[in-house]
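Hello,

Here is the structure I said I would pass on. My notes on it follow below.

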Amino acid sequence: MTATTESTEPLIDELQQWLSSEWDPELTVGAWWERLGLAGWSAPSLPPNAYGKGVTRNDGIKIAQAIAAFGALGAPAGLGLLLAAPTIATHGTQEQIDRYVRDIVTGRQSWCQLFSEPSAGSDLAGLQTRAVKDGDEWIVNGQKVWTSGGQRADMGMLLARTDPGVPKHQGITYFAFAMVQPGVEVRPLREMTGRALFNEVFLTDARVPDDAVIGGINHGWAAANTTLANERAGLGSGGGSGAGGLAIPGTVGGDLDRRAGDFVGAPRSGGSKGSGGAKSDGEATMLQAMSGGAGLLIDQAKRNGKNTDPLVRQDLARLYTWTELGRFNGLRLKAVKSGGGDIPGMPNISKLSMSHIMRLSRDVGLGIVGASGMLHSYDSAGRGTVTAVTGNPLLPVVTEMALLAQAPPIYGGTDQIQRNIIGERVLGLPKEPNSDRTTPFSELPRNA
Ligand SMILES: Cc1cc2nc3c(=O)[nH]c(=O)nc-3n(C[C@H](O)[C@H](O)[C@H](O)COP(=O)(O)OP(=O)(O)OC[C@H]3O[C@@H](n4cnc5c(N)ncnc54)[C@H](O)[C@@H]3O)c2cc1C
């Protein structure tokens, strides 16, 4: 459908006019994303020299929603759009922006985030993957873990240690790293949801060219912080940009040559690790369910008569209150920012609040559906069976929410780390004593 509606916002009017002349469901996904990305509508919050329009994050979300409302396929969601593009736009050269960001906004390449390691998660700067210079290339050895989408990524945001002789934050370099090459082994890890969303990635004499260093040799920590700030901002805002479409960007996903119109109307796959990268289709479902606040669970409670139970009513009221507080905080931040100010710690508070809401939804939801909550299905055929047997079409959403609720308090910085940041940087509490920032990495004590 291609109906246009009047908008008071000139940018949305401009977008709708553009969509009226450019959207064609018969185009391939790749051809459509080429149009969308080069016109600046895929990642409008990037600056104009990085294939964007320099609009605010909120306006970017409105644009994505307007594309979905128009009935066109949304931007190529994923960690490329959410994390790599803004990082390269900030720290990369114009040549790197043209080499990497162009392929992100046009969906030609998909990205994963090669940050965490088996002994470097919260303590990310303790990472041990090494990159050693070899002519005009670097040779990379090490192991990454928790790599979401690594199995279908063309490129990775790689953090590697390039100088162990300096304090740990100072000897890290950020690379744009080709995933499809000898020396890169991606092993999927199956989760309790039944999916294999993330992976272990083993790097053995893998190579990356010198001109793929983003932000300078040994200056990777600054670039990594830009990636993490974008991750938290995306997660804290609850994720979804609202654009529709299940098409997977990149050469490995296999969707680029398919008909764009076939993906319209399907639920979105990539929201948060935000707009550009919910961690899974299931999580997108959960985020969509959550965006309706407590509504889904109130319907469930009405359905099986639990809406008269005073304890359930109390829990639902609590859930409703938390989601409304989150919304009001978002509005408050927006108002303060529009006046040039900021509310320190708000991304951390928003992320903590989102994690809490998800845990609360898990507990309230399972309480409402009762014993049938044990009937989780791991594929669409199974979901059909569960729905038929229980007569409850929303049961799979409730159980999916329950299983996925464990993830947000961990990814993008755990709840404890968010609290540490609020304590130290917002409330001014004293930092834990350590010599990490002055002792060379090679001299720090390590587990055997
Ligand atoms: C679904 C999902 C997807 C992910 N995707 C990616 C990805 O794509 N790429 C990527 O690089 N990583 C990814 N991660 C990894 C994520 O960033 C890490 O799991 C996270 O940073 C925590 O690190 P860790 O698992 O090593 O736990 P640890 O850092 O070992 O923490 C273990 C526990 O100790 C606590 N703790 C640690 N340090 C402190 C401290 N100083 N003060 C108080 N408590 C502390 C933590 O809060 C936690 O409870 C993903 C994780 C999940 C769950």
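**The shell around the ligand**

At least two residues of the shell around the ligand come from each of strand S1 (111-114) and helix H13 (415-426). Helices (H or I, at least four residues) and strands (E, at least two) are DSSP runs, numbered from the N terminus. Residues are numbered from 1 along each chain as its sequence is written. This is a predicted model: local features need pLDDT of at least 70, side-chain atom pairs count only at pLDDT 80 or more, and totals for chains, interfaces and linings use all residues.

The ligand is surrounded by 19 residues, the closest being Phe115, Gly121, Ser122, Ser148 and Thr414. A residue is near a molecule if its C-beta atom, placed from the backbone, lies within 6 Å of it. H13 gives the most to this shell, with three residues.

Why does the ligand lie between domain 2 and domain 3? Domain 2 (111-221) and domain 3 (292-426) both give residues to the shell, so the ligand lies between them. The domain bounds come from an automatic or database domain assignment.

**Helix H10**

Helix H10 (residues 346-369) has 24 residues, which at 1.5 Å a residue should span 34 Å; its end C-alpha atoms are 34 Å apart, which agrees. The expected span is 1.5 Å times one less than the number of residues. After H10 comes glycine 370, with a positive phi near 65°.

**Confidence**

The mean pLDDT (the predictor's confidence in each residue, from 0 to 100) of the chain is 88, and 89% of its residues reach 70 or more.

Regards
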